Amino acid sequence: MNFSYATWLIIAGTLALTVAGFAWQRRSAPGGWALFTILASLTVWDWMYAGYWLVASYSAKVVFLDLAYVGAAIFAPAYLVLALDFTGRSNWLTPRSYGL
C-alpha cells in the first residue's frame with residue numbers, strides 16, 4: 001500500500017472532476033463535450049488507480065486496474081475528438097468515425 005501516491009491520485013482526480021463540472025456548464029462551446037469526457041475519464045482513471053494502491057488483496061487490485069483501464073481507454077479517442085472539434089474539423093466526426 002502506498003498512501004502518499006494514492007493521495008496525490010485522489011487529489012488529481014478531484015481537481016479533474018471539478019474542472020469537468022465547469023466544462024459541463026460550457027458544453028455548447030466547441031470541444032465542450034469532448035473536454036468533459038476527457039476530464040471524466042481522467043477522474044475515473046485516477047480514482048481507480050488510487051484504489052489499486054490502497055487495497056491489499058490481489059483480486060481487488062485486479063478489479064481496480066481493470067476499472068482504471070476503462071478511464072484510460074476512453075481518454076485517447078476523446079482527446080482526438082477534442083482536437084478535431086476545437087480546430088474546426090468537426091465534419092470528420094461522423095457516426096461512422098465514432099464507431100471506429
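Visitor: Which residues form a nonpolar patch on the surface?

Guide: This is a predicted model, in which local features need pLDDT of at least 70 and side-chain atom pairs count only at pLDDT 80 or more, while totals for chains, interfaces and linings use all residues. Residues are numbered from 1 along each chain as its sequence is written, and side-chain values use heavy atoms, with hydrogens and water left out. The nonpolar patch is formed by Met1, Phe3, Ile10, Leu17, Trp47 and Leu54, which together have about 570 Å² of accessible area. Helix α1 (3-25) and helix α2 each supply at least two of its residues, and α1 gives the most, with 3 residues.

Visitor: Why is Trp47 called partly exposed?

Guide: Buried means under 20% relative accessible area, exposed over 50%, and partly exposed in between (1.4 Å probe, protein chains only). Trp47, which is found in helix α2, has a relative accessible area of 33% and is therefore partly exposed.

Visitor: What makes Ser41 count as buried or exposed?

Guide: Ser41, placed in helix α2 (residues 32-54), has 4% relative accessibility and so counts as buried. Leaving aside neighbours within four places in sequence, Ser41 is in contact (heavy atoms within 4.5 Å) with Gly71, Ile74 and Phe75.

Visitor: How do you know that the span of helix α3 agrees with what its residues should give?

Guide: The expected span of a helix is 1.5 Å times one less than its number of residues. The 29 residues of α3 (residues 58-86) should therefore span 42 Å, and its end C-alpha atoms are 42 Å apart, which agrees.

Key. Helices (H or I, at least four residues) and strands (E, at least two) are DSSP runs, numbered from the N terminus. Patches are made of residues with over 30% relative accessible area and no salt bridge: like charges are joined within 9 Å, nonpolar side chains (Val, Leu, Ile, Met, Phe, Trp, Tyr) within 5 Å. Accessible areas come from the Shrake-Rupley method with a 1.4 Å probe; for residues, only the protein chains shown count as cover. A salt bridge is a side-chain nitrogen of Lys or Arg within 4 Å of a carboxyl oxygen of Asp or Glu.
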